[in-house]
Protein chains: 2
Amino acid sequence: MKNLLEGIEDILLMGPGPSCVPPEVYSALSRATIGHLDPYFLNIAEELKEMLRRIMNTRNNLTIPISGTGSAGMEAAFVNLVEPGDKVLVLLNGVFGMRMQDVATRLGGTVDALEFRWGAPVEPEAVEKKLRQESYKIVAIVHAETSTGVRNPVAEIGSLLKGSDTIYLVDTVTSLGGIEVRMDDWNADVLYSGTQKCLSCPPGLAPFSLNEKAMAKLNGRKTKVPNWYLDLTMIANYWGQNRVYHHTAPVNMLYGLYQAILLILEEGPEHVFRRHRESHMALVQGLQELGLNMLVDEPYRLPMLNAVCVPEGVDELSVRRRLRSEFKIEIGGGLGALAGKIWRIGIMGHTARMENVARFLAALKEALEKK
Amino acid sequence: MKNLLEGIEDILLMGPGPSCVPPEVYSALSRATIGHLDPYFLNIAEELKEMLRRIMNTRNNLTIPISGTGSAGMEAAFVNLVEPGDKVLVLLNGVFGMRMQDVATRLGGTVDALEFRWGAPVEPEAVEKKLRQESYKIVAIVHAETSTGVRNPVAEIGSLLKGSDTIYLVDTVTSLGGIEVRMDDWNADVLYSGTQKCLSCPPGLAPFSLNEKAMAKLNGRKTKVPNWYLDLTMIANYWGQNRVYHHTAPVNMLYGLYQAILLILEEGPEHVFRRHRESHMALVQGLQELGLNMLVDEPYRLPMLNAVCVPEGVDELSVRRRLRSEFKIEIGGGLGALAGKIWRIGIMGHTARMENVARFLAALKEALEKK
């Protein structure tokens, strides 16, 4: 039987994730598997929790990787904290806000969506007005909206909620490791991310953190969490002092995440963020020189996810296909309402280097000229 | 900062999972990450589905890996098929049957458990009687009860349900790849497994299959699946012809699973099963020579999970600790009602080799003598 794995090529990953993976992380993934209750493994797990706290800027005890992709992190956040009938406000300006709305509705939440134009940020004034009119058990926002490339004002929304009983839920799937995440300073009560964006680890885990306020809401539930796999009251017993078996932790993926975060801490988060910013600036300049326009206004742009308007008369899919087949570069297309209208160019983690930007711009120029 | 990954030792994994991983699978895990919507990756995914069908002996179109561990497979099976009020019968003779009961109850199922002694199999006569008294939307059973080492008569229960409207749900987490699994011949409607047992891939994925009868029940639901992450109606659109983005597939773990199943198919499943049987026979003989007794009667024993009674006066935990620290061997302790009373010795996948059994028996002899 032919082994298709042997034909895998090195692709420059400049889509919305996964991003390029550093060699050290590949090596980590293939370290010898040991037991998920082995004392040596538990040391690694303990240190991983501490490293996650550092990049999230939180002191929360329950700061762990969830055994699923970033979307499992979203599911875990909502399924543990939403009880049927709970009023939930989703601040919505893209596909991942819509997903929050769907997730919370399925769980029986009474969900209001406060919508903003896709490509523009959430406006704190409108949120403040809404919060004066209604009270909510949960307010949810996406920090880095991967579908549009917009950075939402998570700190400002957090200060509106300061001192209230409302749980503040923040999605940092695309931001963590690429721009600063300050969970505690933002008054965020629950926060999750994914591994395959700016952490530069393959997809499969969701870094996750929950503070004591959110834990109190969880412990005060009238009914059991309707999801055994993601029930944090049990998961906390595995990751806590007791080490009670719940499910078998994904050992080798956890090695990969450990190594990925170690690399960020060794390089220094500030340096990593600067790498993202500088690569982004170079990309934007190069795109403008090619006559292309960014979807998002300058102050709200994410460095790691660049939404570029497809020029009139250009077949966006054929450009992407040409980049992939001739130049071995992956970029993303638009999602939802923006399908066919934008390209999404990722500059995430290990990908965020000037030489990658230069290689991409040269390739894009050729791909556009050939049209 | 010290990198703890550098201190990971090679441990002979003879617990209830994870099992030893072949070198080819480690290599596969560290192949270059490519996009989860990349055409080349989709070829790999397509072939992986076909290989899963072969080892499960099913023709079901929806035969895929779920992006979570074996427990996520259980969650996916129940959350998609149980609607509030559905009557569910769980055939229960160990911890994983209990887990099914908990999972189905959280989802609003009306759950009956038909209990059998832990260490003895489910009895088809008792099940037949129960099915004459009551009708159920779902009947659930664990093929290989990992907590006791019992093989349950899944084919016999399946023939009781033949032609009925009842959905037959089978857990093959510990059996798949070590003994024959014949999904279609058993009349199983939904079946799942895990990667870290007899497939010898690190934990992180749940092979899963659903037939048309189960899909019809899913499509006929009155309410959306209350779990966005595991909603098979959406997951099927990614793994099907349309390739609609749902969540980012765990690319490198999927490489590992692809390679692991390829190795089984290349060796030949019959040969793999014989390796398990022969290693098991040698283990049982060696244990008996040491004066130890098996928990389970001979006809119902699993080759890959051997429950051994801890002799009176022996501190089971200190024996396990000695095996781990002095001999670099992991075995498991008892779970639930059997905690402290049994050891669980895994002979799973790549671990199932005569030299491993011999090394373990020699170590156990020493560890017991030193007590």
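How many residues has helix 3 of chain A, and what distance does helix 3 reach from its first C-alpha to its last? Select residues 70-81 of chain A: this helix has twelve residues and reaches 17 Å between those atoms, close to the 16 Å expected at 1.5 Å a residue. The expected span is 1.5 Å times one less than the number of residues, and helices (H or I, at least four residues) and strands (E, at least two) are DSSP runs numbered from the N terminus.

The model is predicted: local features need pLDDT of at least 70, side-chain atom pairs count only at pLDDT 80 or more, and totals for chains, interfaces and linings use all residues. Residues are numbered from 1 along each chain as its sequence is written, while chains are lettered from A and ligands numbered from 1 in the order in which they are written.

**Helix 3 of chain A**

Keep the selection and display its surroundings. Twelve of the twelve residues of helix 3 are buried, so the helix is largely enclosed by the rest of the structure. Here a residue is buried if 20 or more other C-beta atoms, placed from the backbone, lie within 10 Å of its own. Among the buried residues are A:Met74, A:Glu75, A:Phe78 and A:Asn80.

**The two chains**

Now select the interface, where residues are in contact if their C-beta atoms, placed from the backbone, lie within 7 Å.

**The domains of chain A**

Finally, colour chain A by its domain assignment, which comes from an automatic or database source: domain 1 is 9-18 + 268-369 and domain 2 is 23-265. Their centres, taken over C-alpha atoms, are separated by 26 Å. The contact takes 25 residues from each domain. On the domain 1 side, helix 10 (269-289) and strand 11 (305-309) each supply at least two residues; helix 10 gives the most, with four.

Note on methods. Two residues are in contact if their C-beta atoms, placed from the backbone, lie within 7 Å.
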